[in-house]
Amino acid sequence: MGDLVELAPGCGYLPGAVNAGVVWSENGAAVAVDTGGDRDVGRSVLRAVQARGLVLTAVVNTHSHADHYGGNDYLLRQLPGLEVWAPELEEAVLRNPYLEPFSLYGARPPEALQNKWLMAKPSAVHHVYSTADGQLEVAGLVLRVHPADGHSARQAALGFGPVCYAADSFFGPEVLDKYEIPFTHHVAGQQETLERMRNWPYEWFVPGHGAPVRRHELAPVLEANLRAVRQATDRVRRALAGGATADEVTHRVAAELRSPPANPSTYFLLRATVMAHLAHLLELGEATWELERGTLRWRPSG
Ligand SMILES: [Zn+2]
């Protein structure tokens, strides 16, 4: 991790594979927005905050993916008074990381899926917040909350001053290019979040992965994200030709990728995203599912 980059007075972030946000008040109280995937990021956040003479008093997590709350455990051990805030529903995963590989696998996940990429160390959650539009007063700082569903069940984007910490509601162009298909839990929600974000009143938008984007550069980045989501739906729709099981659809989609999944974790992440697009097509009336002699087969409608 690098040093704290200040985007505006009281608003900064630590660049890394996962960006960690830091906001602070004039009286020196600092709040971290996400803490990266492990103790190393937690340590970098704490060092960066202390180097500025600030006191870390709270962490606000945007969602429950392991790479966004993995530093919580370290910070809670170092700072016993630290208060953790997490969105409703997501908070259950911070407290019980097992729920993440369990939900991806659909049963008790094999040990190979109980790894640090899918499960961080558990974190206490002291405050559960609603992701409906509103404000959050944390350690004397007022953060604005925007619902950012889609990527995960109840993701929040958080605004402070002129900076929006957008979490994984959009990805930087180089990250999109690498992953090709953005991870999603709910396709319509993901699209709606990307469309609403255009109107959020900020000068800077910091994604969880990738460089911060200035307001005047935001429209093409959001459009590229929307395009990637639509392309993912198209890939899944094409993979239904002639009828296919969910695993066959996943296989056909994976076969088209420049970097298909190379381990069980990335396979189940892709499979969950395919399931989200299948549900989306079903709800649009563009796909049907039918049991044929005990096999659930998906087909394009009409
Ligand atoms: Zn995420």
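This is a predicted model: local features need pLDDT of at least 70, side-chain atom pairs count only at pLDDT 80 or more; totals for chains, interfaces and linings use all residues.
Across the boundary, 15 residues of domain 1 are in contact with 12 residues of domain 2. On the domain 1 side, the elements that give two or more residues to this contact are helix H5 (99-105) and H7.

Let me turn to the chain as a whole. Its secondary structure comes to 10 helices and 15 strands. Along the principal axes, the C-alpha trace spans about 65 × 45 × 30 Å. For 302 residues, a compact globule would have a radius of gyration near 19 Å, and the 20 Å of this chain agrees with that. Of the 302 residues, 47% count as buried. Considering contacts between residues at least 6 apart in sequence, 65% join residues at least 24 apart.

What, then, forms the interior? In soluble globular proteins, nonpolar side chains tend to be buried together. Here the largest nonpolar core has 84 residues, and those with the most contacts inside it are Val22, Val31, Val45 and Ala166. Helix H8 supplies the largest share of this core, namely seven residues. The core draws at least three residues from each of domain 1 and domain 2.

Not counting residues up to four places away in sequence, alanine 166 touches Ala148, Ala157, Met197, Phe205, Val206 and Pro207. One of these, Met197, is among the buried residues of helix H7.

That brings me to helix H7, residues 187-197. Which of its residues are buried? They are Val187, Gly189, Gln190, Thr193, Leu194 and Met197. These residues cover an arc of only 165 degrees around the axis, which puts them on the same side of H7. What covers them includes strand E11, helix H8 (215-239) and helix H10 (264-284). As I noted for the domain boundary, H7 also gives two or more residues to the side of domain 1 that touches domain 2.

I move now to the sheet that contains E11. It is an open sheet of six strands in the order E8-E9-E10-E11-E12-E13, with mixed pairing. Strand E8 (134-138) and strand E13 (213-214) stand at the edges; each has a single partner strand, so one side of each is left without a neighbour in the sheet.

E8 and E9 pair in the antiparallel sense over five bridges, with glycine 134 opposite valine 145 in E9. Two residues lie between these strands in their hairpin, where alanine 139 takes a positive phi near 50 degrees. On to E9 itself, residues 141-147: five of its seven residues are buried, so the strand is largely enclosed by the rest of the structure. E9 and E10 are again antiparallel, paired over four bridges. Valine 145 has leucine 158 as its bridge partner in E10. Strand E10, residues 156-160, then pairs with E11, residues 163-167, in the antiparallel sense over three bridges. In that pair, glycine 159 stands opposite cysteine 164 in E11.

Strand E1, residues 5-8, runs antiparallel to E2, and three bridges join them. Alanine 8 has cysteine 11 as its bridge partner in E2. The hairpin has two residues between the strands, and glycine 10 takes a positive phi near 80 degrees.

Finally, I would like to consider valine 18, which is placed in the loop between strand E2 (11-14) and strand E3 (20-24). As for proline 212, it is 194 residues away from valine 18 along the chain, and their C-alpha atoms are separated by 12 Å.

Note on methods: Residues are numbered from 1 along each chain as its sequence is written. Two strands pair if DSSP finds at least two bridges between them. A residue is buried if 20 or more other C-beta atoms lie within 10 Å of its own, exposed if 12 or fewer, and partly exposed in between; C-beta atoms are placed from the backbone. The arc is that of the directions from the helix axis to the C-beta atoms. Two residues are in contact if their C-beta atoms, placed from the backbone, lie within 7 Å. The radius of gyration is taken over C-alpha atoms; the globule rule is 2.2 Å times the number of residues to the power 0.38. A nonpolar core is a set of buried Ala, Val, Leu, Ile, Met, Phe, Trp, Tyr and Cys residues joined through C-beta atoms within 7 Å. Domain bounds come from an automatic or database domain assignment.
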